[in-house]
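Biologist: I would like to learn how to read this model. Can we take it feature by feature?

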Amino acid sequence: MTADEPVYVIDRLRKIDDLPRFLEHNFIPLKLAPGLTREVLSGSLYGYLCDELGLRLSGAKRDITATLATARDVLYLKAELGEPVLEVEQVMWLSTGENIDYSTVRNLARLGGYAMMNTYQQQ
C-alpha cells in the first residue's frame, strides 16, 4: 500500500455472552474491499472478503505480546488500568501477495489466551 491509499479504519468490540472480550482495530484497503458496511462488519469480515468478494487469503504474520491495559482497554474491555493484556498484531495477505488487513486484537489476560488454527484452501 502507498501512504496516500484510502483505507477503512475499523474498530470493533467483540462480546461473548454479552461481556466485552476482544477489542479489534483493522486497516483494510478500500480498493480490495468495496462495499464494506456496518452490516457486513456485524458478521464475519473474512467471510465477506472470501465468500462475497472471492478473495483468496494466502497467509498471515502474527505477533503475540503481553502488555498493560490502556485507557481504551479500561473503557471498552472493563479492564483495570495497567492490568495484563494480550495483543495480537497481524498482517494478512492474499494469494496475489497484496496485504488485505493490518490489525491488532486486544483481550484481558485474565480471561484466557489464544488458540489459533489457520487453513488456506487453494482453488
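Biologist: In which strand does Leu13 lie?

Modeller: Keep in mind that this is a predicted model. Leu13 belongs to strand E1, residues 7-16.

Biologist: Is Leu13 buried, partly exposed or exposed?

Modeller: Read relative accessibility against the cut-offs: buried is under 20%, exposed is over 50%. Leu13 counts as partly exposed because its relative accessibility is 33%.

Biologist: Now the inside. Which residues have the most contacts inside the largest nonpolar core?

Modeller: A core is a set of buried nonpolar residues joined through side-chain atoms. Here the largest one has 15 residues, and Ile28, Leu36, Leu45, Leu49, Leu94 and Ile100 have the most contacts inside it. Helix H1 (38-41), helix H2 (45-52) and strand E4 (84-94) each supply at least two of its residues. H2 gives the most, with 3 residues. Apart from this core lies another, of 6 residues, including Leu23 and Val85.

Biologist: What does Leu94 touch, beyond residues up to four places away in sequence?

Modeller: Its partners are Leu32, Leu55, Arg56, Leu57, Ser58 and Ile100.

Biologist: Which residues of H2 are buried, and what covers them?

Modeller: Leu45, Gly47, Tyr48 and Leu49 are buried in H2. Their cover includes E1, strand E2 (19-29), H1 and strand E5 (99-108).

Biologist: And the helix ends. Which residue caps the N-terminal end of H2?

Modeller: Look for a side chain reaching a backbone nitrogen. Ser44 is the cap, with a side-chain oxygen 2.8 Å from the backbone nitrogen of Gly47. Just after H2, Gly54 has a positive phi of about 75°.

Technical notes
Residues are numbered from 1 along each chain as its sequence is written. This is a predicted model: local features need pLDDT of at least 70, side-chain atom pairs count only at pLDDT 80 or more; totals for chains, interfaces and linings use all residues. Side-chain values use heavy atoms; hydrogens and water are left out. A nonpolar core is a set of buried Ala, Val, Leu, Ile, Met, Phe, Trp, Tyr and Cys residues joined through side-chain atoms within 4.5 Å. Buried means under 20% relative accessible area, exposed over 50%, partly exposed in between (1.4 Å probe, protein chains only). Helices (H or I, at least four residues) and strands (E, at least two) are DSSP runs, numbered from the N terminus. Contact means heavy atoms within 4.5 Å. A polar contact is a pair of N or O atoms within 3.5 Å; within protein, one must be able to donate a hydrogen and the other to accept it, and residues adjacent in sequence count only if both atoms are side-chain atoms.
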